[in-house]
Each structure stands twice: as C-alpha cells, then as structure tokens.
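Colleague: Could you walk me through this structure? I would like to begin with the overall picture and then turn to details.

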Amino acid sequence: MTTLADVEAMFAAVAQLFARASDGTLYLRGRFVDYPLDLGFALQKGSLSHPYAEQLSTSLQNIVWDLWNIGTLFDRLDRTDGLATTGALGEDPWRLYCGLDIEHFFIELRSILDYAARCIASVADRPGTVPGESMNELRNWLDRNPGNASRLGIDLVPIVHSHPRFPDIKDVRDEIVHRGGLTMLYGSPGEGLLFQVHQSWRPIVTAPEEAMTPEGLIDFRRYGSLLFAELLVFLERLGTGLAQRLPVKHIGLGDAQIKGPGWDVFLSWLASWRAPH
C-alpha cells in the first residue's frame with residue numbers, strides 16, 4: 001500500500017529536482033541530469049580513459065531523450081483530455097489517442113530502465129562480463145548466482161534492485177508489445193484518464209488502491225505520476241552511483257537541465273495524491 005506519508009516523502013524528493021526560470025519555464029535538474037554533461041565534457045576534452053565511457057555516455061543520452069518523450073506524453077495527454085472535456089474533441093478519438101499515449105508511456109519507462117542497466121554494466125568491476133542489454137536480464141543474472149554481485153560491484157547491486165515497481169512495468173510493457181495487450185480508456189474526459197490494459201479481456205494492470213477505482217480501473221494521473229516520480233528517484237541514485245564509480249570533473253551544479261513541456265502537468269498530477277481518493 002502506498003501511504004500518504006510515502007507520497008509526501010516522494011513529492012518532497014522529486015520537487016527538489018525541478019526549478020522554475022524567471023520566464024516561468026520549469027526545468028528538470030539534479031545529479032542524474034548533471035552527470036551526462038560532466039561525462040560528455042570529459043570525453044570531449046580527452047581527460048577520461050575508460051573502455052566503456054563512450055557506451056555509458058550514449059546510454060545516458062538515450063535516457064535523456066526518453067525523459068523528454070515522457071514529458072511530451074504527459075503534456076499531450078493533458079491537452080487531449082482538456083480538448084475532449086470542452087467538447088472540442090470527440091470521445092472516440094479521445095479514447096484512442098489517450099490509450100496510445102498511455103501504452104507508449106510504459107514502453108518509454110521500460111526503455112529508460114534498460115538503458116540504465118547498460119549504464120550500470122558499463123561501470124561494473126568486471127565490465128564486459130556483466131549482461132546489460134536489459135534491466136530484466138541484469139536482475140535475473142544477479143539472482144541466479146550470489147557470486148555475480150562481486151563481478152558487478154557490491155555498491156551497484158542495491159541500485160539494480162532499487163526501483164520498487166520494475167516487475168510491474170516489465171509485465172505491462174511485455175503484454176502490450178509481445179502479447180497483444182490492449183489499452184482502453186473508460187469513463188468520460190476529465191475523470192482522471194481511467195484505463196486498463198487487457199489480455200483476452202483480462203485486466204492485467206494493478207496499482208495502489210489510491211490509484212484504482214472499485215471496478216479495477218486505473219487513474220493514470222495518479223499512477224503515471226507515481227511511476228515517473230519513482231523513476232526520477234531511481235535515476236538520482238543511478239547518477240550518484242555512476243559519479244562515484246567513474247568520477248569526472250563537475251562543471252557546475254545546474255549547468256545541465258531538461259526543459260520538458262509536461263513537467264507542470266506531472267507535478268500537478270503527483271499533487272493529486274494529496275486529495276481525497
């Protein structure tokens with residue numbers, strides 16, 4: 001169960017990662033956002049010698065692109081729901097458009113976590129011997145043999161296992177991509193983007209009860225914002241761990257920042273957890 005105290009702690013941690021510029025633009029910042037810039041600068045200057053540094057840099061940049069994509073999805077979902085709420089968009093296209101964007105959200109989450117696995121494998125104690133093609137592969141490899149923890153690095157193991165809902169994200173994404181899972185919107189516009197993913201009409205998405213209706217539908221505003229908040233906290237742990245493993249000169253706090261069209265939407269959805277369910 002996700003308690004209000006859990007959400008308040010999450011909200012406090014995530015709120016510190018955002019800063020608003022004088023023109024009102026909201027930016028995502030933090031240790032994870034800084035590290036790709038620091039690493040890229042070191043590679044450009046030729047001051048870093050590591051066999052997997054280029055691979056690490058590419059994987060980090062791919063995560064940044066996917067964060068932009070998720071911000072865009074949040075913004076588009078909010079705009080689509082707003083248009084349908086005012087009657088400027090019909091309910092049929094509203095259901096189709098939002099369902100497709102929610103599907104893509106799960107695909108992007110899994111993509112980021114797979115790139116994160118590649119980052120972790122790149123800085124392992126024995127790089128080149130640690131699987132890093134997917135987070136699922138890396139987690140399963142660690143679980144199969146306790147000795148694999150020393151090949152990876154004892155300090156990296158907690159990071160691999162620190163995302164609390166990775167199994168749920170993996171299962172939903174795999175149902176959508178590999179087994180024909182169908183994402184459907186329910187209710188009416190303005191009611192919370194209620195959805196469920198079905199496999200042969202069997203609902204497969206479970207969420208904290210505070211993000212579900214009694215009928216088993218999921219409030220995407222609550223559940224999507226919770227998943228993204230947990231991802232940001234995970235990425236901060238990852239950024240800290242990478243910087244400890246492969247130190248590079250820090251070129252200044254806040255030099256890196258990600259402008260996203262959906263950050264205000266995300267924070268407003270996350271704040272909805274404070275409202276009665």
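**Overall form and local detail**

Modeller: The protein chain has a radius of gyration of 19 Å, which agrees with the value near 19 Å that a compact globule of 277 residues would have. The radius is taken over C-alpha atoms, and the globule rule is 2.2 Å times the number of residues to the power 0.38. This is a predicted model, in which local features need pLDDT of at least 70 and side-chain atom pairs count only at pLDDT 80 or more, while totals for chains, interfaces and linings use all residues. Residues are numbered from 1 along each chain as its sequence is written, and side-chain values use heavy atoms, with hydrogens and water left out.

Colleague: What does the C-alpha trace span along its principal axes?

Modeller: The span is about 60 × 50 × 35 Å.

Colleague: And how many helices and strands are there?

Modeller: The protein chain has 10 helices and 7 strands. Both are DSSP runs numbered from the N terminus, helices being H or I with at least four residues and strands E with at least two.

Colleague: How much of the chain counts as buried?

Modeller: Of the 277 residues, 53% count as buried. The classes are buried under 20% relative accessible area, exposed over 50% and partly exposed in between, with a 1.4 Å probe and protein chains only.

Colleague: What share of the contacts comes from residues 24 or more positions apart?

Modeller: Such residues account for 71% of the contacts with a separation of 6 or more. Contact means heavy atoms within 4.5 Å.

Colleague: Changing topic: what is the volume of the largest cavity?

Modeller: The largest cavity has a volume of about 50 Å³, and the structure holds 1 cavity of 30 Å³ or more. On a 1 Å grid over the protein atoms alone, a cavity is a set of points where a 1.4 Å probe fits but cannot get out; a pocket is an open set with protein on both sides within 12 Å along at least five of seven lines; lining residues have an atom within 4 Å of a point. Grid points are joined across faces, edges and corners, and a volume is the space filled by probe spheres set on the points.

Colleague: Which residues line that cavity?

Modeller: The lining of the largest cavity consists of Leu17, Leu28, Arg29, Phe32, Val33, Leu67, Leu232, Leu235 and Glu236. By class there are 7 nonpolar, no polar and 2 charged residues. Here Ala, Val, Leu, Ile, Met, Phe, Trp, Tyr, Cys and Pro count as nonpolar, Asp, Glu, Lys and Arg as charged, and the others, Gly among them, as polar. Helix H9 (220-245) and H2 each supply at least two residues of this lining, and the largest share, 3 residues, comes from H9.

Colleague: And the largest pocket, how much space lies in it?

Modeller: About 190 Å³. It is lined by 11 residues, of which Val33, Pro36, Leu37, Gln61 and Val64 lie nearest its centre. The lining divides into 7 nonpolar, 4 polar and no charged residues.

Colleague: What does the side chain of Asp114 reach?

Modeller: It reaches the backbone nitrogen of Met135 at 3.0 Å. Asp114 is found in helix H4 (residues 91-122) and is buried, with a relative accessible area of 16%. Leaving aside neighbours within four places in sequence, Asp114 is in contact with Gly132, Glu133, Ser134 and Met135.

Colleague: One last item: where is Ser200?

Modeller: Ser200 lies in the loop between strand S4 (194-199) and strand S5 (202-203). Its phi is positive, about 55°, although Ser200 is not a glycine. Most residues other than glycine have a negative phi. Trp201, in the loop between S4 and S5, also has a positive phi, near 65°. Ser200 is exposed at 65% relative accessible area, and Trp201 is exposed at 62%.

How values were computed. Polar contact = N/O pair within 3.5 Å; in protein donor to acceptor, adjacent residues only side chain to side chain.
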